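Here is a short briefing on a protein chain and its disulfides.

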Amino acid sequence: MVQAFRLVISLGVLALAALTAYPASAQDRRQNAPGEFDFYVLSLSWSPSFCEAAQERGGNNRSAQMQCGGRPYSFVVHGLWPQYDRGFPNYCERPAPRLARSIMTSMLDLMPAPGLIFNEWDKHGTCSGLGQRGYFEAIRKARASVKIPDEFLDLQQAKTIAPDAIEEAFIKVNPGLSNSAIAVTCDRNRLTEVRLCMSKDLQFRACEEIDRRACRRDQVVMPPMRGG
């Protein structure tokens, strides 16, 4: 009986230690309150890397087929994500209001996959505090404010490049953008995304946490554009 009691006490101490190892302060007090966040991340996906990875996985889903066949894409919008200075909200309305199909189809020029558009509304749009049309108008406005460097617009051959060089190319052609407001991500060897931090009024701003999660490789490969 005494041993059983000691075991219960020991387990309680371990559980308390586990809780204190991940303090509640790591989660923002506003967690998942729509419209309550600090800034946005505009995530631009290098489409040829997505398509190459999908092909390696043997993916034949409709989203991959739409994005990776026919029209060639360079950077496409992955999403516009509300962020806290530490952490981020997601799925702020459950269930999310169903996105109007007319809005989805209007975004296919920037986000060439219906499944992606629906998912971005459910996961991130519901946290913006904006209505459906307002959120996707913000995506379009954010994307229009970013100039893609000329060397990435029509890439016909694979390019090996340092992540810092990609950042510098964007900084050079986007006044007001600094290296504290942009981060490059990668998989094991390919460029995956360029992420730009923006204030709620879609001006470039610094974001230390996003920068800390950037690609740490010396060089990445940018596969060439496909099809067309």
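Number the bonded cysteines of the protein chain in sequence order, and the pairing reads 1-2, 3-4, 5-8, 6-7. The structure holds four disulfides (pairs of cysteine sulfur atoms within 2.5 Å). This is a predicted model: local features need pLDDT of at least 70, side-chain atom pairs count only at pLDDT 80 or more, and totals for chains, interfaces and linings use all residues. Residues are numbered from 1 along each chain as its sequence is written, and side-chain values use heavy atoms, with hydrogens and water left out.

**Cys-92 and Cys-127**
- A disulfide joins Cys-92 to Cys-127, with 2.1 Å from S to S.
- Its S-S torsion is about 95°, so the link is right-handed.
- Cys-92 is buried at 13% relative accessible area (buried means under 20%, exposed over 50%, partly exposed in between, with a 1.4 Å probe and protein chains only).
- Cys-127 is buried too, at 1%.

**Cys-186 and Cys-215**
- Cys-186 bonds to Cys-215, S to S 2.1 Å.
- This link is right-handed, with 85° about the S-S bond.
- Cys-186 is partly exposed at 24%, whereas Cys-215 is buried at 11%.

**Cys-197 and Cys-207**
- The sulfur atoms of Cys-197 and Cys-207 lie 1.8 Å apart in a disulfide.
- The torsion here is 80°, and the link is right-handed.
- Cys-197 is buried at 0%, and Cys-207 is buried at 4%.

**Whole chain**
- Of the 228 residues of the protein chain, 43% count as buried.
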